Amino acid sequence: MKFTARQPGINVNVSPTHPLKDFAILAGGLLAIVVGVYLALGLAVDLIVPRLSMDLEKKLAGAFVGRLVETEEVDTTTRSLQGLVDRLQDRCAPLPYIITVHVTESDAVNAAALPGGHMVVFTGLLAEMTSENELAFVLAHELGHYANRDHLRGLGRALVLMTASTVLLGADNTVNSMIGQGMVLTELSFSRKQESQADEFALETLFCHYGHVADATSFFNKIPEDGDPGRFGHYFASHPENRRRISHLEDLAQERGYPTGNPLPLPAELTTKTNAH
Amino acid sequence: MIDLIIFLSLLALGYGAGTWAEKRHYRSIAERENAAINLPVVTLKSVDIPEHKIRSAKLVYGSAVISVDYFKRILASLRNVFGGKVKSYESLLDRARREALLRMKEMAGNATVIVNVRIETSAIGKQSKRKNIGCLEAMAYGTALTVEE
């Protein structure tokens, strides 16, 4: 019988699976794991945060506020705000934190609660203020975040994501550098519930300190609805449901019988600052 | 965001161009394999041919370097996480080895048989910093015998 050379017909060395199918399964699986780990560690953050000691928090704070503390020059504005925060804290909002106020030059109408009791107030916010009560509400709102330790939760999830990506992809990966670039002081995000709680805390503090809640919601009302979210930051950008927050505060004030009184004018140091702008 | 867009475009480009090149290459391989099907290529060290009948015996070799595309590399790195068959690299090796064999046959010209054939595979540019160039070379070599009729 004569031998005739012939091709084998099938290629045994290459798997017939379609590469896109392979990709979908692997990428989907990896994504599911990352999401799962992120959620699980997110829950872990909620467990850890209340147990985190003040000492440890101060150590962690170094990474975020190092810059602020270095460029510290206590001017009259800062001193005046510090005084207001101290007065609020003294009688009505006793927190286990020593709050240090930092005033930062920026157009952002915003304030931020950083770890270690460092509260950052932007000059853009001060320029919008018309009464001490209004300012006190904003500061008390930040104190509320400290009271519930939301500022740690806000950072915690970012840290968790960084941890997860480092474990899976190794240090110095694109996810980490993206987070690093994205971590701006004003971008600590809080959930709707956390904001509500801070609002309630601020309302109670305001009533306790002044005996009435005048101007508690005036700040919200002042911001135009179509305002640039970048400028209005933490109070407004993450909250398209501003009206809900206002009515929530008004309902609460009515329910608890908080009266409205006459708001105090801004302290002189802050007014000159405002006019200078 | 920009990073993500760049990544996805590279992925799409890698998939499109890679698939196109691979299909073309396989078509060409199949054609040339059919054309050269009557030149036997064996791994035997010797064949049962009387010595005086062998007109020439010479070394023939062929080598081919095939590059991985972006899509295949990402797919393989995903595979690195879970383990298992790295299917995306299988076709690269297959193409490189068959191409090397074909080139070896081409070098052999009108030989009767190629004996003692070996195939070597090596990765190229493996250690160039963090950016893997990701090429692989397959080399086939053997002894081409031309036998008197």
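Two residues are in contact if their C-beta atoms, placed from the backbone, lie within 7 Å. The structure is a predicted model, in which local features need pLDDT of at least 70 and side-chain atom pairs count only at pLDDT 80 or more, while totals for chains, interfaces and linings use all residues. Residues are numbered from 1 along each chain as its sequence is written, and chains are lettered from A in the order in which they are written.

**Exercise 1. Describe the make-up of chain A.**

Step 1. Helices (H or I, at least four residues) and strands (E, at least two) are DSSP runs, numbered from the N terminus. Chain A has 12 helices and 3 strands.

Step 2. Of the contacts in chain A between residues at least 6 apart in sequence, 74% join residues at least 24 apart.

Step 3. A residue is buried if 20 or more other C-beta atoms lie within 10 Å of its own, exposed if 12 or fewer, and partly exposed in between, with C-beta atoms placed from the backbone. Of the 277 residues in chain A, 31% are buried.

**Exercise 2. Characterise the side of chain A that touches chain B.**

Step 1. Contacts join 16 residues of chain A to 16 residues of chain B.

Step 2. Helix 1 (19-48) and helix 7 (174-182) of chain A are the elements that give two or more residues to this side. Helix 1 of chain A gives the most, with 7 residues.

**Exercise 3. Determine the strand arrangement in the sheet of chain B.**

Step 1. Two strands pair if DSSP finds at least two bridges between them. The sheet is open, with 3 strands in the order 1-3-2 and antiparallel pairing.

Step 2. Strand 1 and strand 2 (113-124) of chain B are at the edges, each with a single partner strand, so one side of each lacks a neighbour in the sheet.

Step 3. Strand 1 and strand 3 (residues 135-147) of chain B form 13 bridges in the antiparallel sense. Gly62(B) has Ala140(B), in strand 3 of chain B, as its bridge partner.
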